[in-house]
Amino acid sequence: MHSILGFLESFRANYFCRFCLIDQSSAQLVFSEDDPCLTLRSPILNNQHYNNLVDDPTLTSSFGIKRKSILNSLKYFNIAENYAVDIMHDILEGVGQYEVKLLFQYLIEYFISKDSLLNRIYAFNYGYMEKKNKPTNINLDRAGHGIGLNASQTLCLITNIPLIFGDLVPEDDLHWHLLLLLLHILNIVFSYSITEGMTVYLKHLIIEHHRLFKELYPSNNLIPKHHFMVHYPRCIRKIGPLIHIWTMRFEAKHKFFKDCVKNFKNLTVSLARKHQFALAYHWECMSLKAVESGPVKMRSLETQEYSEIISPYLHVDLQNTVKLTNWVKCSGVEYRVGLFVCTGTYENMPVFSKITSIILHDGKAVFVMVEHETCFHDHFHAYQVNETIPKKILVLEREKLRHFKSFDGQMSYGCDSQLYVVSDSCII
Ligand SMILES: [Zn+2]
């Protein structure tokens, strides 16, 4: 991005930010775009910096700008109007791992041995949906800010840390509070829809988070990725939820090309051809059905639990048969019996329901669910779910769910009674 826009590529540069004129030392003190010490870049300022470079050819850069970008010659674009930030690199491969590493060092000093800490992480049940992203080979001794996890593993670990270690840490612990602030920030920036009010709340969360970080770790620097977060609220207001532009999808697409390079002769032709073969294969194999499902069983509706509620919903008589399955996949999202989904909201809180059976009806997936009373547990940063008394049964098509994702009911470490739902984004 910096190369294309004409900025210095190194984050060690004094003027490292493509959005503003902050320098390395001020970035440790300025945590909001409202701060008078922060000057946003603009087409006028950029032109002044380009002129500085022309006036003095010995200069290699002026306020972080190396050269004029060709993109400025476009009629409807100026590089000062670029709002693209990447939550995968900034948060998951940057700030998240850095702060998890510092938190683990703190936990090891006061609460738990290093071996037990790692054992808890490896032994924890992350649930069916996250089993692929389970953290492995954590390295707390490596140099730098990372702990050796990829982006998906970091997201899985960081959202589950409260359930894994929450029992050890007192509720008023400031280091824990820093983690919870980061999780609140993460929930907003990973959300698929964000209100304007949430961007204002996000601004305050970032200020509070960065202040507390400097208070707890005065000898540790905030990294440039911490500073980029300061620009997030404005970027979201300009271009919408950041999850829609995160590089995760592009990197997944890119991986195909990285994996298939064996022959470097006429590389672009080889890659284009292999990509066409792959696309042809996928289209050939692609299921034409909107709903993919597990093995289907035909059962008489009257033998099913809650049949008196299912029958009027489906407009099917009790004597008729229905198609039952244990799992369905719709638009790439898997739903299974036993998982939770969000079926509504109550007082701005999501309400979760547990899928008890899945019926295939008229080419659609219909879920039979038990609604759960939901409340947010601050210390565990998770939704505590309990069956409502008396039981409330819901029958809904997949399209009518409040939120498209499905979740596991999880337990906190060492406790096997209370269920929690962990989400990486806000559900509204
Ligand atoms: Zn900046």
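The model is predicted: local features need pLDDT of at least 70, side-chain atom pairs count only at pLDDT 80 or more, and totals for chains, interfaces and linings use all residues. Residue numbers start from 1 along each chain as its sequence is written.

**Overall chain**

- The protein chain holds 12 helices and 12 strands; helices (H or I, at least four residues) and strands (E, at least two) are DSSP runs, numbered from the N terminus.
- Its C-alpha trace spans about 90 × 55 × 40 Å along the principal axes.
- Of the 428 residues in the protein chain, 32% are buried. A residue is buried if 20 or more other C-beta atoms lie within 10 Å of its own, exposed if 12 or fewer, and partly exposed in between, with C-beta atoms placed from the backbone.
- Among contacts in the protein chain with a separation of 6 or more, 63% are between residues 24 or more positions apart. Two residues are in contact if their C-beta atoms, placed from the backbone, lie within 7 Å.

**Domain 1 and domain 2**

- Five residues from domain 1 and 10 residues from domain 2 take part in the contact.
- On the side of domain 1 that touches domain 2, two residues are nonpolar, two polar and one charged. Ala, Val, Leu, Ile, Met, Phe, Trp, Tyr, Cys and Pro count as nonpolar, Asp, Glu, Lys and Arg as charged, and the others, Gly among them, as polar.

**Helices α3 and α5**

- Helix α3 (residues 87–110) and helix α5 (residues 151–165) have axes that come within 9 Å and cross at roughly 35°. Axes are lines fitted to C-alpha atoms, for helices over the stretch in contact, and angles run from 0 to 180 degrees between N-to-C directions.
- The crossing of α3 and α5 is left-handed, meaning that the near helix is turned anticlockwise from the far one by less than a right angle.
- From α3, the residues Met88, Leu92, Glu93, Gly96, Gln97, Val100 and Leu107 meet Ala151, Thr154, Leu155, Leu157, Ile158 and Phe165 of α5.
- The contact of α3 with α5 comprises nine nonpolar, three polar and one charged residues.

**The sheet β1-β4-β5**

- An open sheet is formed by three strands in the order β1-β4-β5, with antiparallel pairing. Strands pair if DSSP finds at least two bridges between them.
- β1 (291–293) and β5 (333–336) are at the edges with a single partner strand each, so one side of each has no neighbour in the sheet.
- Neighbouring strands of this sheet are turned against each other by 25° on average, direction ignored.
- β1 and strand β4 (residues 327–330) run antiparallel and are joined by three bridges. Glu292 stands opposite Lys329 in β4, and Val291 has Cys330 as its bridge partner.
- Four bridges link β4 to β5, also antiparallel, with Cys330 opposite Val333 in β5.
- β4 and β5 make a hairpin with two residues between them, and Ser331 in the turn has a positive phi of about 50°.

**Ser219**

- Ser219 sits in the loop between α7 (196–216) and α8 (224–230).
- Ser219 counts as exposed because it has 5 C-beta neighbours inside 10 Å.
- A distance of 55 Å separates the C-alpha atoms of Ser219 and Ala365, which are 146 residues apart along the chain.
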